[in-house]
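Visitor: I would like to look at this protein with you and ask about it step by step.

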Amino acid sequence: MRRQLIAGNWKMNTNRASAAALAEGVAKAAASITDADLAVSPPSCYLETVGKALRGSRVALGAQNMYFEKDGAFTGELSAAMLVDLGCKYVILGHSERRHIFGEDDPLINKKVLAALAAGLAPIVCLGELLADREAGRTEQVVRTQFDGSLAGLTPEQICRVVIAYEPVWAIGTGRTATPQQAEEVHLILRRLLVDKYNGEAANRVIIQYGGSVKPDNAVELLGQPNIDGALVGGASLKVEPFLGIVAGRKR
Ligand code: PGA
């Protein structure tokens, strides 16, 4: 069985003190969890603080974004090497908020994915359809295009180091989750794409998370689906209790 990954995406929330306290709380509560991987992604200005709070724990550090260039005149941006330097293992790329608020497209996300992999980071690559796409029956087409575009040019070895997060945009922060069946259907499409574009081994190994209003009370059903290997959690990752409640809902 693939190891599940449950990752918190704190987005633009917390402050220095609350980020440290949340990280310490998660680290402490996670001490006994050995059958799944956990990560938290604080705002970049608190990566160092949170990294310190997580030191020696089972919880990995992730960033929410990065730029693909190595260094230079890119005001406001962070490189993959900087994230590695801060102790990050993961970086979330292509989140729907980056795509839809900040205009990131697949070619840009692809460059970031390749740069993250080259630096030794594990990219968590997000994709998912808008409500209008789903209602028009275009879900498969949209996730296929995002898969092809944001993961272009990866070798089978590289794809195995990628985490894919299926996040239907209409379910993010809305309290409206995909049903376990709706989510599983798309995860299966993604699994088949991995077979077609890479090979069976890659398809077996790549972790595909679900994200979009995951809560303790829907975690068991969602995470129980055969092709859902964990969750990318926004709102419910901002407090220890609901986040660990979701972790408790993992497949066992
Ligand atoms: P949500 O966010 O859990 O608040 O819906 C998920 C995400 O954006 O990764």
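Visitor: With which residue does lysine 112 form a salt bridge?

Guide: This is a predicted model, in which local features need pLDDT of at least 70 and side-chain atom pairs count only at pLDDT 80 or more, while totals for chains, interfaces and linings use all residues. Residues are numbered from 1 along each chain as its sequence is written, and side-chain values use heavy atoms, with hydrogens and water left out. A salt bridge is a side-chain nitrogen of Lys or Arg within 4 Å of a carboxyl oxygen of Asp or Glu. For lysine 112, the closest N and O atoms are 2.8 Å apart, and the partner is glutamate 104.

Visitor: Is lysine 112 buried or exposed?

Guide: The word buried stands for under 20% relative accessible area, exposed for over 50%, and partly exposed for what lies in between, with a 1.4 Å probe and protein chains only. Glutamate 104 is buried, and lysine 112 is likewise buried.

Visitor: What is the relative accessible area of glutamate 129, which meets arginine 134 in a salt bridge?

Guide: The side chains of glutamate 129 and arginine 134 meet at 2.7 Å, N to O. Glutamate 129 counts as buried because its relative accessible area is 0%.

Visitor: Which residue meets arginine 99 in a salt bridge?

Guide: Arginine 99 is buried, with a relative accessible area of 10%. Its side chain comes to 2.8 Å, N to O, from that of aspartate 106.

Visitor: How many salt bridges does the structure hold?

Guide: Some share partners, and in this way Arg2, Arg191 and Asp229 are joined into one network. The number of salt bridges in the structure is 14.
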